[in-house]
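Let's take a friendly tour of a protein model, one piece at a time. Have a look at the structure first, and then read on.

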Amino acid sequence: MMEHMAVILEKDLKRGHDALVQWRAAALELADTTPHRLTTSPVLPRPVWAMAVRYSLFLLERRAPGPGVEVRVAPWGAVKILDGPESDPHNLTPPDVIELDPEVWLRLACGITTWAEEKDAGHISAVGERDDLSDLLPL
């Protein structure tokens, strides 16, 4: 059995929390002045983005543990969530995979936009039967 690799180190949890709070505050301020929330993407240092993504994926993993769906937010992290069929031992990719860009993921995690809005805009790549995380978001 392959050992689980953490999306964020325990020593970085506070830093990740603070980064997510910072990203959310900056995004909410932008969303108030941007006519289209689907373009909200605050200008923040790369390490803030990375920690915000990692911490929010950690929260998602805690909310819905399981091996059935892989959520990927490149380049900063991926987690497996929800019960269901595990990945093929020869492939390691679960049958359900969701890929999001960091700004899309963080907008969803922070409640700036909804799953339906981002999906309709073509911002979510999802393969498999469980391709809707709207019941788990925002975090």
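Start with Val 71. Setting aside residues up to four places away in sequence, Val 71 touches Leu 57, Leu 60, Gly 77, Ala 78, Val 79, Ile 81, Ile 98, Leu 100 and Leu 133. Keep in mind as you read that this is a predicted model.

## The nonpolar core

Where does Val 71 belong? It is one of the residues with the most contacts inside the largest nonpolar core, together with Trp 23, Ile 81, Leu 100, Trp 105 and Leu 133. This core has 39 residues. At least two residues each come from helix H1 (13-33), helix H2 (46-63), strand E1 (65-73), strand E2 (77-81), strand E3 (96-100) and helix H3 (102-110). H2 gives the most, with ten residues.

## The overall plan

How many helices and strands does the protein have? There are four helices and four strands. Reading from the N terminus, the elements follow the order α-α-β-β-β-α-α-β.

Of the 139 residues in the protein, 41% are buried. The protein exposes about 7900 Å², and carbon and sulfur atoms supply 54% of that area. Among contacts with a separation of 6 or more, 62% are between residues 24 or more positions apart.

## The sheet

The four strands form an open sheet in the order E2-E1-E3-E4, with mixed pairing. E2 and strand E4 (124-127) are the edge strands, each pairing on one side only. From one strand to the next, the twist averages 20°.

Which pairs run in the parallel sense, and which in the antiparallel sense? E1 and E3 pair in the parallel sense over four bridges, whereas E1 and E2 pair in the antiparallel sense over six bridges. A hairpin through three residues joins E1 to E2. Val 69 has Asp 96 in E3 as its bridge partner.

## Helices around the sheet

H2 packs on the sheet, where it touches E1 and E2, and its direction makes about 5° with that of E2. H3 lies across E1, E3 and E4, running at about 100° to E3.

H3 also packs with H1, at an angle of about 90° and with the two axes 10 Å apart. Angles of 65 to 115 degrees count as roughly perpendicular, so H1 is roughly perpendicular to H3. Where they meet, Leu 20, Trp 23 and Arg 24 in H1 face Glu 103, Leu 106, Arg 107, Ala 109 and Cys 110 in H3.

## A proline in H3

Let's finish with Pro 102, which is found in helix H3. Is Pro 102 buried or exposed? Its relative accessible area is 10%, and buried means under 20%, so Pro 102 is buried.

What does Pro 102 touch? Leaving aside neighbours within four places in sequence, Pro 102 is in contact with Trp 49, Val 53, Val 73, Ala 74, Pro 75 and Trp 76. Pro 102 and Arg 54 are 48 residues apart in sequence, with their C-alpha atoms 10.0 Å apart in space.

Key:
Residues numbered from 1 in each chain as written. Predicted model: local features only at pLDDT ≥ 70, side-chain atom pairs only at ≥ 80, totals over all residues. Heavy atoms only, no water. Core = buried A, V, L, I, M, F, W, Y, C linked by side-chain atoms within 4.5 Å. Buried < 20%, exposed > 50% of the residue type's maximum accessible area, 1.4 Å probe, protein only. Contact = heavy atoms within 4.5 Å. Areas by Shrake-Rupley, 256 points an atom, 1.4 Å probe, with all protein chains shown as cover. Pairing = 2+ DSSP bridges. Axes fitted to C-alpha atoms, helices over the stretch in contact; angles between N-to-C directions. Parallel < 35°, antiparallel > 145°, perpendicular 65-115°, else oblique.
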